[in-house]
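Here are my notes on the model you sent over. Have it open beside you while you go through the points.

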Amino acid sequence: MSTVATPRGRSSQRRTRCKCAGGGGGDRAAACCFNPLRSLFRCPGRGRGRRSRSRSRHTTPSKVRDASVAGGVEQQSEEPSFFVYAMPNQGGGDGVTADHSKKKKKKKHSKPRLPSIRSCFRGKKNKERKANAAAVVARRQALTPAPSLVTHPPHSPSTPEKTQAATPSATQPPSPAVTEDGRTNSPATPNRIIPVTPRPGKHSTSSASAPSPFPPQWQQPKQVEGLEIVEVATGERLSAHDVGLIEMVGSSADVSAESSVKSSLDYANDPPQQLTVSSKRKPAVVKATEPTRVWLNGNAVKGKAGERFTGPPVAGEADELWAHDIACSRVHAVMLAETGLITAGDKDIILEGLDQIEKLIQDGKFEWRTDREDVHMNIEAALIEKVGEPAKKLHTARSRNDQIVTDLRLWCRDAIDKILFRIKQFQVSLVLLASKYVDLIVPGYTHLQRAQPVLLPHLLLSYVEQLERDAGRLVNCRERLNFCPLGACALAGTGLPIDRFKTAKDLKFTAPMKNSIDAVSDRDFVLEFLAANSIAAVHLSRIGEEWVLWASEEFGFLTPSDSVSTGSSIMPQKKNPDPMELVRGKSARVFGDLMTVLTLCKGLPQAYNRDLQEDKEPLFDSVKAVLGMLEVCTEFAQNISFNSKRIQSSLPAGYLDATTLADYLVKKGVPFRTSHEIVGRSVALCVSKNCQLAELGLDDLKSVHPVFEGDVYEYLGVENAVNKFISYGSTGSEQVKKQLEDWRTQLGISS
Ligand SMILES: N/C(=N\CCC[C@H](N)C(=O)O)N[C@@H](CC(=O)O)C(=O)O
């Protein structure tokens with residue numbers, strides 16, 4: 001890369017043009033067009049030849065269609081009914097079967113994956129990803145994590161006391177109900193238990209051994225047992241969220257309050273282990289088969305009605321949910337064995353089969369069949385193919401209605417943890433940026449008109465505060481959704497003696513959901529999550545707008561580095577802050593996702609309705625968009641500089657010190673309304689003389705009002721004005737320095 005001067009006097013690096021967009025060629029290995037931020041954003045040209053998102057959303061997954069069109073896979077003969085034959089009969093069971101395990105060897109086909117949002121938002125290649133990750137790690141080496149302000153007893157995957165808290169007796173409902181078997185029923189209010197990945201026995205999910213998805217420098221040191229609140233006594237400032245939680249802890253020693261001390265930062269620092277190791281797996285391989293019309297159990301005469309809905313969204317759903325589905329099946333099998341509904345031998349066989357299926361999926365060798373309606377059907381049928389009769393017992397006392405909603409709750413739990421981590425990353429970037437410009441005064445605006453001077457760190461910390469509330473909303477949502485529907489079965493529960501408390505505990509839910517109809521009916525947890533995402537997206541979009549504005553020639557207050565800027569295909573001088581425009585733009589889809597699910601749910605009668613299948617795409621989409629937005633904001637914040645000279649030279653405009661002058665008069669005993677009027681006349685005098693307030697002589701000022709004295713000049717000029725702010729939370733230097741220090745501590749940024 002060579003360095004050239006831009007017409008705006010900024011150095012700029014010449015960039016390699018992409019061969020995939022206007023340049024033609026479609027070489028995806030080449031650098032993306034004009035876009036050094038290619039690691040984050042897909043070049044428009046890359047969309048060519050791929051299916052658009054809107055198309056793939058509403059039709060058969062493109063991968064499936066591509067595969068069948070290309071003839072790359074063997075067509076399965078149409079099968080009459082999942083329930084009759086999709087469960088293969090092995091070992092002489094009573095099912096009528098086609099033994100899929102004996103089918104011809106499947107041809108391998110390596111069609112490209114469905115274009116995911118991720119690929120649209122950040123079309124990274126593996127190499128780039130690794131290099132970027134290494135760079136990020138290197139950049140953050142300087143950050144030494146400090147213990148959280150608020151601590152809580154440690155938890156570790158191998159420490160069962162946290163799970164114990166999820167048992168009925170520990171949930172501490174306000175009015176504990178007692179079930180027929182003498183257990184305490186689930187709490188009326190959520191218990192805030194920190195979830196840990198379920199690992200029932202040898203066959204439990206493998207998260208304890210899974211490497212942490214977080215770089216070590218982001219993980220807080222383990223906290224000290226019994227140490228609860230370290231900063232309250234010193235009067236240090238905490239986020240509103242933490243203060244609320246601390247008040248709860250202070251007021252009671254109950255388990256739920258104690259666990260509620262886990263703030264968003266704690267989640268980010270010490271995230272609960274994920275159920276999935278999905279990042280390691282290869283993409284789902286989807287077998288193209290003629291889809292069975294599942295709403296008629298597949299054995300109806302072919303008709304046109306509803307056919308367009310017959311292509312199940314197997315690939316997307318499988319990619320996201322398989323690990324949670326397997327985790328649920330493991331826990332369910334263990335529970336069935338413990339309650340005597342299946343034998344220990346059958347349980348072991350089932351668990352062994354699930355292990356094998358997990359491995360196949362991780363290796364990208366599992367064949368997702370479109371004639372098996374969803375992720376549950378695929379896994380269960382494959383299990384029966386693998387291990388035979390015992391697997392046919394797994395669906396005892398469960399339905400896909402409670403399976404899907406359990407999977408989704410687990411998925412949301414993990415997704416929230418990922419978002420919390422990204423929020424923290426962005427907060428850290430903002431605080432580091434603020435630390436670089438501790439004394440820089442910028443114009444503060446209301447109505448986008450110059451209002452009062454503020455310190456830049458004050459402005460940047462205002463974003464940090466908003467992000468903290470975004471995180472708090474997600475933490476609250478996580479706590480509320482963390483109740484277990486499994487065992488609600490289709491809607492009415494079961495006559496079999498299952499143990500829903502064990503299932504809930506093993507899946508690290510706080511408790512089972514109390515009402516089986518409610519358990520399978522509602523998607524309010526999805527709505528709440530999408531609403532929290534939407535509010536976060538509003539915040540991110542506003543930051544995007546502000547930074548785009550500030551990067552304009554008219555403002556010229558900040559300069560994005562070339563690494564986060566794009567050029568123009570026609571105007572050679574252009575340097576566009578695209579990433580933040582895209583952040584602003586992405587917010588639209590996040591709001592749309594919320595609207596989709598709101599509308600989806602509003603007219604549903606109680607219990608499960610197939611409409612609910614449509615909740616997944618907007619849910620997955622919203623999470624991917626928000627994660628991408630946060631990632632982009634973080635990278636942008638790490639790659640901008642504020643133009644101190646330009647900002648300083650702009651400060652005289654707009655009489656930013658006028659309100660401080662009014663405060664001066666108030667201190668002299670003048671009623672504020674009168675002060676307001678006096679300062680108004682003083683400003684008018686400045687306008688007539690074409691000067692600043694600080695440039696008026698004392699005689700001039702006295703001509704406006706005799707109350708002015710020589711000490712007035714201590715209040716005039718933006719530096720003086722800023723120094724006169726003293727109220728809590730104001731832009732006064734002392735206040736801002738203190739807040740900056742608090743945030744550095746809270747986020748674990750070393751000095
Ligand atoms: N078809 C059905 N549920 C499908 C749930 C899973 C679906 N893929 C989804 O994503 O919502 N419900 C049946 C019961 C069942 O299939 O377990 C019913 O209530 O009649």
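1. What covers α22? Its buried residues are covered by, among others, α21 (658–667) and α23 (698–704). Contact here means heavy atoms within 4.5 Å. Helices are DSSP runs of H or I with at least four residues, strands are runs of E with at least two, and both are numbered from the N terminus.

2. Some ground rules before going on. This is a predicted model, so local features need pLDDT of at least 70 and side-chain atom pairs count only at pLDDT 80 or more, while totals for chains, interfaces and linings use all residues. Residues are numbered from 1 along each chain as its sequence is written, and side-chain values use heavy atoms, with hydrogens and water left out.

3. The overall picture: the chain has 25 helices and 10 strands. Of its 751 residues, 54% are buried; buried means under 20% relative accessible area, exposed means over 50%, and partly exposed is in between (1.4 Å probe, protein chains only). Take the contacts between residues at least 6 apart in sequence, and 75% of them join residues at least 24 apart.

4. Back to α22, which covers residues 672–689. Its 18 residues should span 26 Å at 1.5 Å a residue, and the end C-alpha atoms are 25 Å apart, which agrees. (The expected span is 1.5 Å times one less than the number of residues.) The buried residues are S675, I678, V679, S682, V683 and C686. Seen down the helix axis, they fall within an arc of 140°, so they line one face of α22; the arc is that of the directions from the axis to the C-beta atoms. On the face turned away from the buried side you'll find the exposed residues R673, V687 and S688. Just after α22, N690 takes a positive phi of about 55°.

5. Y664 is buried, with a relative accessible area of 1%. Leaving out residues up to four places away in sequence, Y664 touches V707, F708, E709, D711, V712 and Y715. The C-alpha atoms of Y664 and Y715 are 7.0 Å apart, although 51 residues separate them along the chain. The side chains of Y664 and D711 make a polar contact of 2.5 Å. A polar contact is a pair of N or O atoms within 3.5 Å; within protein, one must be able to donate a hydrogen and the other to accept it, and residues adjacent in sequence count only if both atoms are side-chain atoms.

6. Helix α13 (residues 400–436) is worth a moment too. Its 37 residues should span 54 Å at 1.5 Å a residue, and the end C-alpha atoms are 54 Å apart, which agrees. Buried residues account for 32 of the 37, so α13 is largely enclosed by the rest of the structure. S399 caps the N-terminal end of α13, with a side-chain oxygen 2.8 Å from the backbone nitrogen of N401.

7. Which residues surround the ligand? They are D374, H376, S399, R400, N401, I404, Y608, Q613 and K616, where near means that a heavy atom of the residue lies within 4 Å. A polar side-chain atom of N401 sits 2.7 Å from a ligand nitrogen. As for ligand oxygen, an N or O atom in the side chain of Y608 is 2.4 Å from an oxygen atom of the ligand, and for K616 the corresponding distance is 2.5 Å.

8. On cysteines: the structure holds 0 disulfides, a disulfide being a pair of cysteine sulfur atoms within 2.5 Å. For C477, the nearest cysteine sulfur is that of C412, 7.0 Å away. C477 counts as buried, at 0% relative accessibility. C484 is in no disulfide either, and its nearest cysteine sulfur, that of C328, is 7.0 Å away. C484 is buried as well, with a relative accessible area of 0%.

9. Most residues other than glycine have a negative phi. L448 has a positive phi of about 60° although it is not a glycine. L448 lies in the loop between β5 (441–446) and β6 (449–455) and is exposed, with a relative accessible area of 52%. Y655, in the loop between α20 (644–650) and α21, has a positive phi of about 50° and is not a glycine.
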